[in-house]
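The structure comes first, then the linings.

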Amino acid sequence: MKYFFASRTNRLLSSPLRDIREMSGRDYFISLAEELPAEELFPFKLLEEAAVSVFSSGPSALQYGEPAGYTPLREWLNKDWNARKGIRTVPEQILLTTGTQQAIDLVMRLLLEAGDSVLVEHPTSPGCLEVLEMQGAKIVPVMGDRDGILPDLLEHHMQQVRPKLLFAAPSFSNPTGALWSMERREAVLELCSRYGVLLVEDDSYGELHFDGLEPTEFYRKYPSLFALDTADQGGHVLYIGSFSKTVAPALRTGWAAGHPALIQAMASVKRIADGQSSPMNQRLLYQLLAHSPFRWSDHLSMLNREYKTRLKLMLELLKRPGWKGCQYNIPEGGMYLWVQLPEGLDSGALLKAALPKGVSFLPGSLCSTGVQDQRFIRLNFSHPGRDELLLGMNLISEAISEFTARS
């Protein structure tokens, strides 16, 4: 039978990520493309012990749970955010989701009609773009600099297209790793408030910062937009994130926090999407965080030290002759390096040359809706170990050298 898929699925079904993920399972393959944390840093033994404790509590651990998510975990998040991030909220304003991606999907399903305009930080998360295209949204990229989205340009777009939403990641965005200044955070929030635009703030990478600051110091210097908004009781920000990048992706536990009316409506949409996220995983995570020898702050400090070391190694490798002509800004956190290739090099064509060598990266075109990022690639430095990073970077530089030699 011949299947006729909806036109909005074209980008999704033709994405090179399908080939990358298929090849990533092979022993010889090195992926610098995917959004993966370092699995050797997962708290595996402590999670194993937490699982034993959860299962020993009886068969209720395998029963359906609360639609909004496991209450003790929501209470833990509320307390942790209050203490470390200055976020003033209540557990009833928190919905536990199946990762950040589901939180994005739920709010887009809830608020968007086909053809509605949505502003996105440029470049932006490939997963967000996929969700928006599946919803039939009109995606409007908003340019920025190292300090964040440009307020004048943002206001211009707000006046021109009357957007429903703005999607942004002020702390170490995917793919650039940009960290917004305090002034830029306040300016963007003020514009969203003035024009009545919901700001979806993705804080998936906010815990991964390499400046050596204690969490409370970091969040005083770079508060989440949700913290700034809740201080004024504005209701203009939906705060999303997950434990996938900091504890373990397989737990598939994320959150959405915002105004009670918005969270209740998202919970209703979630019942259609999957009924509820895994109560067992949520109980396991809560057991790890609240009732085990695991120390959340120590774990985050360890991740940040290790990822900073891996970033330094990648930066040293980029100084080698094979990477001559490439340009990049050094991120202060996150999991990625956003690299501009030399003039005349197309990232999609380069990927086709790199895959047979046994290595991958993410083409910049997957992080935008236009052609302006075809010279960019996103490199993940958090997942590969030292030897894999050395070999992978050398293989990509070989492919670059072959292209530049021909040109």
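At least two lining residues of the second largest pocket come from each of β5 (144-145), β6 (148-149), β11 (327-328) and β12 (336-340); strands (E, at least two residues) and helices (H or I, at least four) are DSSP runs numbered from the N terminus. The top contributor is β12, with three residues. Nearest the centre of this pocket, among 30 lining residues, are Asp145, Arg146, Thr176, Ala178 and Asn329.

A pocket is an open set of points on a 1 Å grid over the protein atoms alone, where a 1.4 Å probe fits, with protein on both sides within 12 Å along at least five of seven lines; lining residues have an atom within 4 Å of a point. Volume is the space filled by probe spheres set on the points, which are joined across faces, edges and corners.

The largest pocket holds about 690 Å³ of space. Its lining has 33 residues, with Arg21, Glu35, Gln101, Gly127 and Lys245 closest to the centre. Two or more lining residues come from each of α2 (17-24), α5 (99-111) and α6 (126-134), and α5 has the largest share, four residues.

| Pocket | Volume | Lining by class |
|---|---|---|
| Largest | about 690 Å³ | 11 nonpolar, 12 polar, 10 charged residues |

Nonpolar covers Ala, Val, Leu, Ile, Met, Phe, Trp, Tyr, Cys and Pro; charged covers Asp, Glu, Lys and Arg; the others, Gly among them, are polar.

Residues are numbered from 1 along each chain as its sequence is written. In this predicted model, totals for linings use all residues, while local features need pLDDT of at least 70 and side-chain atom pairs 80 or more, and side-chain values use heavy atoms, without hydrogens and water.
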